Amino acid sequence: QVQLVESGGGLLQVGGSLRLSCAASGFILDYYAIGWFRQAPGKEREGLSCISSNDGRTYDGRTYYKDSVKGRFTMSRDDPKNKEYLKMNSLNPEDTGVYYCAVVSGVCVYDEEQYDYWGQGTQVTVSS
């Protein structure tokens, strides 16, 4: 059964840090690019970051970040564990929302409609 499961969300204060995890089962994460998306209350879901596949042949594991999170969020892959992580620092109330990971074959794409599998989301709430 193909599944993505996010974890690591929570409630924290301004300036705090969290590390979200995205665990894959039923498929090999190596071959996929992984994206993180956020849906803030009352807003549409937005793409935050993406890391390309790092299969050692075609793709190089390059990362991409939305300007609003660049320098604060860092993605990293742990392919042997079939997991990926999003480290988030200097969080502020605008970072509040449900965070989703999703995968697409190979290279990062902007259009979320192209992503093949999605997790159920994990809530992050940053209080002031």
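Which residue forms a salt bridge with arginine 72, and how many Å apart are the closest N and O atoms? The partner is aspartate 95, and the closest N and O atoms of the pair are 2.8 Å apart. The legends below return to this pair and to other parts of the structure, which is a predicted model.

**View 1. Arginine 72 and aspartate 95 form a salt bridge.** This pair links distant parts of the chain, since arginine 72 lies in the loop between β6 and β7, whereas aspartate 95 lies in the loop between β8 (83–88) and β9 (97–105), 23 residues apart. Arginine 72 has a relative accessibility of 14% and therefore counts as buried, the cut-off for this class being under 20%. Aspartate 95 also counts as buried, because its relative accessibility is 2%. Through salt bridges that share partners, Arg72 and Asp95 are joined with Arg38, Glu46 and Lys66 into one network.

**View 2. Glutamate 46 and lysine 66 meet through their side chains in a salt bridge.**

**View 3. Aspartate 67 and lysine 70 form another salt bridge.** The closest N and O atoms of these two residues are 3.2 Å apart. Aspartate 67 has a relative accessible area of 63%, so this residue is classed as exposed, the class that begins over 50%. Across the structure, the count of salt bridges comes to 7.

**View 4. Four strands form an open antiparallel sheet.** The order of the strands across the sheet is β1-β3-β8-β7. At its edges are β1 (3–7) and β7 (73–78), each of which pairs on one side only. From one strand to the next, the twist averages 15 degrees. Strands of a sheet pair through backbone hydrogen bonds, in either a parallel or an antiparallel manner.

**View 5. Strands β1 and β3 pair in the antiparallel sense.** The pairing of β1 with β3 (residues 18–25) runs over 5 bridges, and valine 5 stands opposite alanine 23 in β3. Arginine 19 also lies in strand β3, and this residue is partly exposed, with a relative accessible area of 49%. Arginine 19 and lysine 43 are 24 residues apart in sequence, and their C-alpha atoms are 23 Å apart in space.

**View 6. The largest pocket holds about 340 Å³ of space.** The lining of this pocket is made up of 17 residues, and those closest to the centre of the pocket are Phe37, Gly47, Leu48, Val109 and Tyr110. Strands β4 (32–39), β5 and β6 each supply at least two residues of the lining, and β5 gives the most, with 5 residues. Which kinds of residues make up the lining of the largest pocket? The lining residues divide into 9 nonpolar, 3 polar and 5 charged.

Technical notes:
Residues numbered from 1 in each chain as written. Predicted model: local features only at pLDDT ≥ 70, side-chain atom pairs only at ≥ 80, totals over all residues. Heavy atoms only, no water. Pairing = 2+ DSSP bridges. Axes fitted to C-alpha atoms, helices over the stretch in contact; angles between N-to-C directions. Salt bridge = Lys/Arg side-chain N within 4 Å of Asp/Glu carboxyl O. Buried < 20%, exposed > 50% of the residue type's maximum accessible area, 1.4 Å probe, protein only. 1 Å grid on protein atoms, 1.4 Å probe; cavity = no way out; pocket = protein on both sides within 12 Å on 5 of 7 lines; lining within 4 Å. Points joined across faces, edges and corners; volume = space filled by probe spheres on them. Nonpolar A, V, L, I, M, F, W, Y, C, P; charged D, E, K, R; others polar.
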